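Please look over the sequence and the structure below before reading on.

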Amino acid sequence: MDLYVPILVLAVLAGGFALFSVAIAPFTGPKRWNRAKLDAYECGIEPTPQPVGGGRFPLKYMITAMLFIVFDIEIIFLYPWAVSFDMLGVFGLVEMVLFIVTVLVAYAYVWRRKGLDWD
Amino acid sequence: MNGTIQAPTIEYGLLAPMLVIFGAAIIGVLVEAFAPRYLRKSIQVPVTLLSMAGAFVLVIFQVISGLPSSAAAMGAVAVDGPSLFFWGVILVLAFVSTLLVLDDDNFVASAAAVPGSAAEEEAEITGGAHTEIYPLILFAVGGMLLFASANDLLVMFVGLEVMSLPLYLLCGLARRRRLLSQEASMKYFLLGAFSSAFFLYGMAFVYGFAGSVDLAKISQALGTVGGMDTMLLIGLALLGVGLMFKIGAAPFQAWKPDVYQGAPTPITALMASGTLVAAFGAVLRVFWVALGNLDWDWRPVMWGVAILTMVVGAILAITQTDIKRMLAYSSIAHAGFLLIGVIATSTQPEGNSSTLSAIMFYLLVYGISTVGAFAVVTMVRDAGGEASHLSRWAGLGKRSPMLAGVFAFFLLAFAGIPLTSGFFGKYAVFVAAVANGATPLVIVGVITSAIAAFFYVRVIVLMFFSEPAADGPTIAVPSAATAAVITLAAAVTVVLGVFPQPVLDLADKAASALFIR
Amino acid sequence: MPWLTILMAVPVVGAVLVALTPKGNGKLAKQLALGVSVVVLALTIAMAVQFSPKGPRFQFVETYDWIPRFGVHYGVGVDGIALVLIALSAVLVPIVVLASWNDADAPHAKYSVKTYFALLLVLEAMMIGVFAATDIFLFYVFFEAMLIPMYFMIGSYGGAQRSYAAVKFLLYSLFGGLLMLVAVIGLYVIAGKNTFMFPELIGAIQDPTTQKWLFAGFFFAFAVKAPLWPFHTWLPDAAAQAPAGAAVLLVGVLDKVGTYGMLRFCLELFPDASKYFTPLVIVLSVVGIIYGAIVAIGQTDMKRLIAYTSISHFGFIALGVFAMTNDAGAGATLYMVNHGFSTGALFLIAGFLIARRGSPYIEDYGGVQKVTPKLAGVFLIAGLSGLSLPGLSSFVSEFMVLLGTYERYMVPAIISATGVILAAIYILWMYQRIAGGPTAEPVKEFKDLNRRELWVVAPLIALIIGLGFYPKPLLDVINPAVDHTLVSVQVEKFTPAIAEKGAGQ
Amino acid sequence: MTTEYLVLSALLFAIGAIGVLIRRNAIVVFMCVELMLNACNLAFVTFARMHGNLDGQIIAFFVMVVAAAEVVIGLAIIVTIFRTRRSASVDDANLLKY
Amino acid sequence: MSLTVLATDPTLADFGKDPLWITIIKAVGVFAFLMLGILFGVWYERKLISRMQNRYGPNRAGKFGLLQSVADGIKMGLKEDLFPNTVDKVLYLLAPVIMVVPAFLAFSITPFGPIVNMFGVQTPLQLVDLPVAVLFMLAMGAVSVYGVILAGWSSRSPYALLGGLRSAAQVVSYEIAMGLSFVAVFLFAGTLSTSEIVKAQASGGEVLGIPMPSWYVILLLPSFLIYVVCAFGEAARIPFDLPEGEGELVGGFQTEYSSSLKFALIMMGEYLHTFTASAMAITLFLGGWRAPWPISLWDGANTGYWPFLWFLIKFILVFSAVVWVRASLPRVRYDQLMALGWKVLIPLNLAWIMLVATVKLLRTPGVDLTFVYVIGAIVIVGAFAIWWRFDTVNQRRKDEEKAKVAAEFEQLANEPTAGGFPVPPLDLPHYHGVERKEVPSGSN
């Protein structure tokens, strides 16, 4: 656990700094009221009304997020494998080839189904 | 890092049936990726069916060549007699369910199109189809195989998820009444994930108790580890919740009717047969292998669960007006009957193996009849798809005596009338239970059987003794595959109802050595 | 020669053939069915002739392993009791076929004619099977499977309330059967002999408590089937709604399985429990006798009335079985046969009447005697047989039952005897209302019995009268079997000493 | 030392479970399920430390993978139904009743 | 000599033993390094890019404009803190914090030097090292994404929301490739700990008795190149600075953080990511704090506080390269960006990893290799088959496309209305206003 103490210390420093900056900002600057300043910025036109909970956004982003989760998790398996590769020998290589081939199959499917295309 | 890792060994030969299925699933994905649209189905179907048949042949081959004495893949997967039997059964059931799937008419043309939208209409007109269902089915079947033969809880969990995840999706792909289907999918998913979490937390506690998730080691730890009984019991309870959910035992049965009703009927058939078999495989492994020495603790609860399951299944089925929901409740009741078998453990290995063989036989015969029954359901259609409301089935016997007759036969098999396979299934389990001192359960089972018979008979009455509705449903001309499924299911139901001995022998042989640890 | 197997196989094959006859050619199906049933009858007679009453208890035995895993055999064989009941079935079926010639054409029919007759033949096979089975499991299988064809016959071809009646019939029987299943399993497991063969299981259960439980399981099923008061409520519905032919088989044969089961299985497998429960059974029987008779008096529907008379008669049979004397046992067995003929005749004749008038209600008739004397005549004979007039077959059996019971249980016997008086009331009153009195308007259109109908009733009347005067052939066959049974039960042979002692007090 | 982690994991699990039972929005329900899975992970890692073997940590890996797969499938299903019904409330999904 | 090298090289075991005050000193040191780095990094970047573009760059505040960043910072502090009334207040304020804190933490595992004597305590010149140090760095990078998303979401403005999503999509897409590019390093180093990775790069054998460095950049060049590309994507630097693509999205997720210190924090976070990426490049591929080859021949080069100098030099050089890229390359399109990340870097990476693993295995003595050869042959043949198939299909598709276009062109040339769209005949007289006379088309 002691390993993480330095990180904690640094986190306290950085967090303190960041929070301090955010907190101090309203007091250091001037205050001049102007209705326009309270609107969201939309190139000067009337702002689009936003539904509570955020607007809807293209599904594309969600698909990207899903793909990320799937592929990122698969990377996780590569790390321990890489670290202990020397001990696993041929077995390790074969299994990892199989694993990667499997991943690539899914990858190929996504690619062919235009999951990776952006517009 | 510290110390060296011994490279593990994997007995590919023993795992071959599973590998074939998963390999075929992967090929299926590749076909989806690279084959042109018009060719996909004609590639997918043979790949799917052949892989299942091939896996089945491999299972047979393993049966012939003898069983290994220890678990494969570093103790992760136990390829023992029961496993091979479960594999065989699952593969057969999956095969026939897949034959039902071949009828495109059950599946949505384009899942992404919003129901009722122009996009959906267009997809239907252009004959769009999701041939992804085949690889998904293969993955689910692979998961079932793994689930039923897992020898440690982690592999079991992985198997559970590999089995469930494709099914969640498949549930949402019904062509008609898509809102219903999507809802079913969502409910199944949310509740399924919920129950997996319970399973997992239970697994964590058992791991905390035993320091391992290997079933055999857990079993050893029961005797050696002291002072952490609370943890063990919590783990046991949570594990049980997760598993009971999967088999649809009360009070965790709520998902079953909804999902069965909403899912495309071929998928319902797969779930009602294959999933149940696999889930019972897992239940048996957990409760017999890992926690077998703890039966004094889990048995009373299991008694309650079994009784509740049977009663709930039988009584709620009476009130149903939808044929698929009714079959779902019937499946719940049957899960209860099967639980009687799970409870009927004995101190003697011979007693256990005869109980095990009874359960396996029951699963086989129930699975086949269920697939047959759902196959019939797919054929009774209205303008809006399957006419699953019971009132629409009135007078079916007049319109189509053959179909109604076969369906009535399946229902009688569910009810356990002699000379149907269902009778021997029930009988075998009841005998085992009486032999192992669970007579009160058997009596409850018998009484609920009688209650259950009521709603089966009600359907028969409706089909045969009611006047047909003027604008009754049409009976679809069955595709060759559907007809084959119904014929096969009916034939098996008859043959095993008259000559169950060969299959019983097989089950006995499979169960004789019990589970390897 | 595997007589019994052939006896079962012939109707099954016949049923398949009937089912395969071309659609719309009902006549062919009927003729085929009749032919098959006559062949069965002939075979039965041929077999019965070879039965030697002094030979071993079970004859024509065949035993093959069926499901070794469960110790189940395909074991058949007959003793005298089973033989006469098989004969009863074999006799009744052709008659029923003939009587039902037009039943399946009735307006309610939802099915082709051929289905009806195919079901009938399947039922015949199962009836023979259930009596022939010497393996308890096989018996159970037939016992349950028999329900299905009957269920469809009632449900598809019956009266207005047919589906209700059919379901009630099925569920009652099924429920009873399932409890019996538990007992069957218990018997198998506790006996631990890994066999279901009846002869080997005699005396296998010694523990009294176990015996009682198992007895209860078996007895409940049989009591529902028989039906014994108070498990009888399904019978009037089923019998009233069933087409006449099916009703004959239902009451005439199917219900006998219950009393047959009591005699064969309850008594021999669980002798101690049987003795323990005897008072209860006797009370139920006596109540059934009186209750059935009284309720029968109040019926307005002919078929229901006949059904209630049967309940009364089944009380006699059960009484005879549980009296455990040779006379009573033989009487009860004989009663099963005779009741089959007499009630069968009643149902058939009622069926003829209903077919003419289209109504089962007694009030719709009147003066039948004048319009159709032959019909009324056979009706009277059948009715008198139902009330056990001396000289008609039922009298012999009823008398034997009462006598046998009296030897051991005097009071119940006396009370039961009042049933005979009540029987006279319900039969004669019914006859009077239907056949006597002023001729009702629609009755004037009645035609007398035609040739087919004569052929239907003639054998029955002949048997009723014939057996009334000369029951010896049957008793010769029955007596050794009943003796065997009672030996297994190990009742002390009734000695006059007890009677004298009883009389002396 | 490890007890606190177990208590925390139990708390998280309970929060997740209660959330599943009382919240009506499918996405929230789903997130609660994920919370439960992560509570399991915490328990696994804690036990792994307690027993001094690595099994628990490896299991946590697998659980993460499964959770990821579940996320993908779950979101796909929820999005589909949301597109159809314009609502992610579990209560709005009410066609299946008995 | 190699003995001394090893003696001063920290291993994992050397961490977690510092007294608290040393830890605090080190943490403050890292913090100060980063803060100063930002101040001077901004100045340096502007200056350098200006010189590359033939301008002066900042030269007003202080000597050479050195204080420009300080002035900017003060200016931002003194500006009005805008607070649009539609925002989700808590998250809006928290988002910059969430962005910047992990950025600091990600840097914490960077090794600056060997074990040194710090105020009498023998301690590694590195704040912390973990068995999973690199993973920790990646994780912190990922946590920052939450800040981006939350900033975009809480702003309740379409620009911000889309910008946030885009940014997140970009970062996560490149994170996969980045994660993969480390795998080859781990294969060789056998550890995820940064100090041990640096140690693994210490010696590359001896040539003519002269020890050679073994930087992974030489051994694993493809990994390094992929890493560099990904690092630009991760840190959203030009040419991949799409999140704030002002042409399309105004300011991306930070649209509503138009001024004040919140904006400063966001900027700071992005800078820190660039720094972390540079430090990682040095640590994983460029030998870490070790002196470059000729200098490394000097025994003392890798002892004491010297290595910090080598690190700093490498750091500045790498950062200069980053700036140099910014000065040279245009911004790519978003679809190009995603396509590069998903369709090029990931498969390339996987193939490379497999190649490296195979080669490594082949070089291991005493391994039965027939199986490896078989698998390798299958993979190569398979890859070739796939490539060939792709190529032919692509070729066919291109030909088809070409033929189609040609046909369409032909058709349109013959009958102008063929496309279904009412096209005026090409020779229709043009209307050029009342004053002008009609001119037949094509004649002007």
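Predicted model: local features only at pLDDT ≥ 70, side-chain atom pairs only at ≥ 80, totals over all residues.

Chain E meets chain A through 88 of its own residues and 67 residues of chain A, and the area buried between chain E and chain A comes to about 6700 Å².

**The interface of chain E and chain A**

- Carbon and sulfur atoms give 79% of the area buried between chain E and chain A, while E80(E), W342(E) and K343(E) supply 10% of the area that chain E buries there, more than any other three residues.
- Two salt bridges are counted between chain E and chain A, and K360(E) forms one with D86(A), their closest N and O atoms lying 2.5 Å apart.
- Five residue pairs are found in polar contact across this interface.
- Among the elements of chain E that give two or more residues to the side touching chain A are α2, α3, α14 and α15, and the largest share, 17 residues, comes from α6(E).
- On that side of chain E, 60 residues are nonpolar, 14 are polar and 14 are charged.

**The second largest pocket**

- The second largest pocket holds about 1900 Å³ of space, and of the 47 residues that line it, F409(B), A118(C), L119(C), V122(C) and I148(C) lie nearest its centre.
- Elements of chain B and chain C each give two or more residues to this lining, including α17 (401-415) of chain B and α4 (113-132) of chain C.
- The lining residues of this pocket divide into 36 nonpolar, seven polar and four charged.

Notes
Residues numbered from 1 in each chain as written. Chains lettered and ligands numbered in written order. Heavy atoms only, no water. Contact = heavy atoms within 4.5 Å. Buried area = accessible area lost by both parts, 1.4 Å probe. Salt bridge = Lys/Arg side-chain N within 4 Å of Asp/Glu carboxyl O. Polar contact = N/O pair within 3.5 Å; in protein donor to acceptor, adjacent residues only side chain to side chain. Helix = DSSP H or I, 4+ residues; strand = E, 2+ residues; numbered from the N terminus. Nonpolar A, V, L, I, M, F, W, Y, C, P; charged D, E, K, R; others polar. 1 Å grid on protein atoms, 1.4 Å probe; cavity = no way out; pocket = protein on both sides within 12 Å on 5 of 7 lines; lining within 4 Å. Points joined across faces, edges and corners; volume = space filled by probe spheres on them.
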